[in-house]
Amino acid sequence: MATLSSLHHITTATLSLLGLAKPSLSGRPIRCLPPITSSSLQFNLKFAPPSPKPKPPPNLKSDTVLDSDPDPDSPPNGQFFIPWIVRGEDGNLKLQAHPPASFINALADAKTQKPKKVDKEVKKKKKEISAVGNAGIEPPAPPPKLSKAARRFYNENFRDPPQRLSKVLAAAGVASRRGSEELIFNGKVTVNGSVCNAPQTRVDPSKDIIYVNGNRLPKKLPPKVYLALNKPKGFVSTLHYICSSGEKEFRSVLDLFEDYLKTWDKINPGSPKPRLFTVGRLDVATTGLIIVTNDGDFAQKLSHPSSNLTKEYIATIDGEVRKRHLISISEGTEIEGVLCIPDSVELLPKQPDLSRPRIRIVVHEGRNHEVRELVKNAGLEMHSLKRVRIGGFRLPADLGLGKHIELKQSDLRAMGWKS
């Protein structure tokens, strides 16, 4: 019995040193093991509860089977995120710390790709594009590659329908619409080997063979061009004009687009040059906004009185402007037998850098010298006149004299044009 008592004291001392005989201070319930019995001894061992198991990801189904075997690479506290979710042989999903064997085998069998050989033609095109970019010209976008079936489908369903012969000649830059009609009436135009004297004949340049004065018309027509120009003083809007006295010679505003047309082939390779003309007119002394295009329908729409497009002018006056002058301008004046009344008249506030008064006048008739006649009829002397707006499009303030910009679709819609 003395031996058993000594063994009991030794066991109790050992458990107390290990902290297993004392109650838990963390507040957790103490888990007790079933008593171990022997023929002569009985031990009562107690342990703290195990750490909680990590919860499975929320995207796993309730019937997913988790791998209960502990991972040797997991940290001792048991809080480890298992990234690999694989499906076992039994068809159920399970989590594991190491990647599946199929993934490792695929990585082992993967081969590095050899660099593709660059074609000589591709290198040549890249050199041409870089040369064009170094010259300050924006390189053209490469055309999309389409199959023959796609091109045939587009030509049969979406290609432009046949157009009047006179319109096709004008769009190709041969002459104006009226000049093209004169060429057709004079027998200078042949279609498919036969002389055509009817300007309204419907033709398709991509299919029909058209000759003008012995020169064949290109199959591809130039694209539509819409430009806004800040016209300087001393340029006319139409053809070259020489004063009757022979003292002065005025240039056309189209001469300001010589550099633009010189770079046309680089920017639009394979496309014929457009024949540009102005929409409406501005006299020699008037500056400001004027539209230049090769679209005859667009020009006719903007210049026709039925469009009711308003045009805003800034008139700089020599002398003092009184209230009676503004009333006289707003009452209108008769031009070519028609009473022209402006939409609005306003005296602009004085500015410190401008000594002369300025009047804003908005009209919609667009008759020749209409604004000048309104100011003259009011008894005022005009110093300068500038057009700053057509419809909803206003001349950019930073656009210098003689410079132009390409109009966007939003700018065309602001002027009432729907392409």
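Visitor: Which residues form one aromatic cluster?

Guide: In this predicted model, where local features need pLDDT of at least 70, side-chain atom pairs count only at pLDDT 80 or more, and totals for chains, interfaces and linings use all residues, the cluster is formed by Tyr226, Phe298 and Trp417. Residues are numbered from 1 along each chain as its sequence is written, and side-chain values use heavy atoms, with hydrogens and water left out.

Visitor: How many aromatic pairs does the structure hold, and what makes Phe257 and Tyr260 an edge-to-face pair?

Guide: The structure holds four aromatic pairs. Rings of Phe, Tyr and Trp (its six-membered ring) pair if their centres lie within 6.5 Å, and planes under 30 degrees apart count as stacked, over 60 as edge-to-face and the rest as tilted. The ring centres of Phe257 and Tyr260 are 6.5 Å apart and their planes stand at 80°, so this pair is edge-to-face.

Visitor: Why is Phe298 with Trp417 called edge-to-face, and which parts does the pair tie together?

Guide: Their centres are 5.5 Å apart with 75° between the planes, and because planes over 60 degrees apart count as edge-to-face, the pair takes that name. Phe298 lies in helix H9 (residues 296-303) and Trp417 in the segment after helix H12 (409-414), so the pair ties together parts that are 119 residues apart in sequence; helices here (H or I, at least four residues) and strands (E, at least two) are DSSP runs, numbered from the N terminus.

Visitor: How do you know whether Phe298 and Trp417 are buried or exposed?

Guide: Buried means under 20% relative accessible area, exposed over 50%, and partly exposed in between (1.4 Å probe, protein chains only). Phe298 has 0% relative accessibility and therefore counts as buried, and Trp417, at 14%, counts as buried too.

Visitor: Where does Glu336 lie, and why is Glu336 called buried or exposed?

Guide: Glu336 is found in the loop between strand S20 (333-335) and strand S21 (338-340), and has a positive phi of about 55° although it is not a glycine. Its relative accessibility is 65%, so Glu336 counts as exposed.

Visitor: What makes Asn192 partly exposed?

Guide: Asn192, in the loop between strand S8 (189-191) and strand S9 (194-195), has a relative accessible area of 46%, which means that the residue is partly exposed. The phi of Asn192 is near 55°, a positive value in a residue other than glycine.
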